[in-house]
Amino acid sequence: MTDHLKEEELLTLCAYLDGQANETVCQAVLAHLEVCPTCRALANTLMKTISLYRESDQDVVLSEDARERLFSCLALEDLS
Amino acid sequence: MVMHQNKQENPPSIELLKSGDREAFARLVHLYSPMLYRLAYRMLGDAHEAEDVLQETFMNAFRHIVSFEGRSSLKTWLYRIATNQALMRLRKRKPPLVPVEEEWTMADGTTMTKELQDWCCLPEEEFMTREVQTQLERASAQLSTALNAVFTLRDLHGLSTRETAEILSISEPAVKTRLLRARLKLRELLSDYFSERVEERFGD
């Protein structure tokens, strides 16, 4: 594989990164990453992008007030 | 902390919910409201609207639990209701939508022909700033609704490809393709900002 990774190979790479494909299936893609700094940079920054969003999403929290309003509109305030 | 507790809790039984047991409903709300709020917030980008979606989701769920057939899990069912509520609101907004297909920048090789900056090597403190949060929000706001929904469900909520397909009524291959496109698009949008940081730190 001399060209950069294309959509099909990137889907394989994603499946591997997501733990949904084993190394054998991804052998060609992983071998390419070894020798291609551009695709390696793409894979690294792709993973970093996902982890940044995951971390940032943990900061989104339902406030106590909003939770109370929710229970109240469901007429469950006595069980909140 | 609360979320960890919730993850360990079991959902109430469908029978109890169908019988109108208020405590079972309250448990359901306790268990799923934090994650459904995060979902709605991420899809709409607005705290008030996310709260409205949350309320509508549970009111809807209470109203229709009797006809819940259990073909999907309770969790997937609630996610489906919440996602649809959020999508309905998004449709009412002015649609600046880019067709999913047009967002693909890799297929013609345009973004791959140039050398990519590997900005993941930046020191951790570079990623912890308020400015980075703004960049993350700005980038995700540029995703189409279709891509954002898949990215949120799969990458942020950890739902499986099958669950995501079920929630959005699309095929599993479509989930995989949209997820890849969403990830690539976000990566590309963030790259402009982080590549500058790399230049500042390591450039001459």
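Analyst: Angles under 35 degrees count as roughly parallel, over 145 as roughly antiparallel, 65 to 115 as roughly perpendicular, and the rest as oblique. This is a predicted model, where local features need pLDDT of at least 70, side-chain atom pairs count only at pLDDT 80 or more, and totals for chains, interfaces and linings use all residues. Residues are numbered from 1 along each chain as its sequence is written, while chains are lettered from A and ligands numbered from 1 in the order in which they are written.

User: How are H3(A) and H9(B) oriented to each other?

Analyst: H3(A) and H9(B) pack with their axes 9 Å apart, at an angle of about 95° (axes are lines fitted to C-alpha atoms, for helices over the stretch in contact, and angles run from 0 to 180 degrees between N-to-C directions). So the pair comes out as roughly perpendicular.

User: Which residues of H9(B) does H3(A) meet?

Analyst: Contact here is a C-beta call: two residues touch if those atoms, placed from the backbone, lie within 7 Å. By class, this helix pair brings together four nonpolar, three polar and two charged residues (Ala, Val, Leu, Ile, Met, Phe, Trp, Tyr, Cys and Pro are nonpolar, Asp, Glu, Lys and Arg charged, and the others, Gly among them, polar). On the H3(A) side you'll find A:Thr45, A:Leu46, A:Thr49 and A:Ile50, and they meet B:Arg183, B:Leu186, B:Arg187, B:Leu190 and B:Ser191.

User: Zooming out, which element gives the most to the side of chain A that touches chain B?

Analyst: The whole contact takes 29 residues from chain A and 40 from chain B. On the chain A side, the elements giving two or more residues are helix H1 (7–17), helix H3 (37–57) and helix H4 (64–73). That side has 18 nonpolar, six polar and five charged residues. With 14 residues, the top contributor is H3(A).

User: What pattern does chain B follow along the sequence?

Analyst: Chain B has nine helices and zero strands (DSSP runs numbered from the N terminus: helices are H or I with at least four residues, strands E with at least two). Read in order, that gives α-α-α-α-α-α-α-α-α.

User: Which element gives the most to the side of domain 1 of chain B that touches domain 2?

Analyst: Twelve residues of domain 1 are in contact with twelve of domain 2, and helix H3 (22–44) and helix H5 (74–92) of chain B are the elements giving two or more residues to the domain 1 side. That side divides into six nonpolar, four polar and two charged residues. The biggest giver, with six residues, is H5(B).

User: How do H3(B) and H4(B) lie to each other?

Analyst: Their axes are 8 Å apart, and the angle is about 140°. Their contact divides into 13 nonpolar, two polar and one charged residue, with B:Phe25 and B:Leu36 among those from H3(B), and B:Val53 and B:Phe62 among those from H4(B). The two helices are therefore oblique.

User: Why is helix H8 (residues 161–168) of chain B largely enclosed, and what covers its buried residues?

Analyst: H8(B) is largely enclosed by the rest of the structure because six of its eight residues are buried (20 or more other C-beta atoms within 10 Å of a residue's own; 12 or fewer is exposed, in between partly exposed; C-beta atoms are placed from the backbone). They are B:Thr161, B:Glu163, B:Thr164, B:Glu166, B:Ile167 and B:Leu168. The cover includes three helices of chain B: H5, H7 (145–156) and H9 (172–202).
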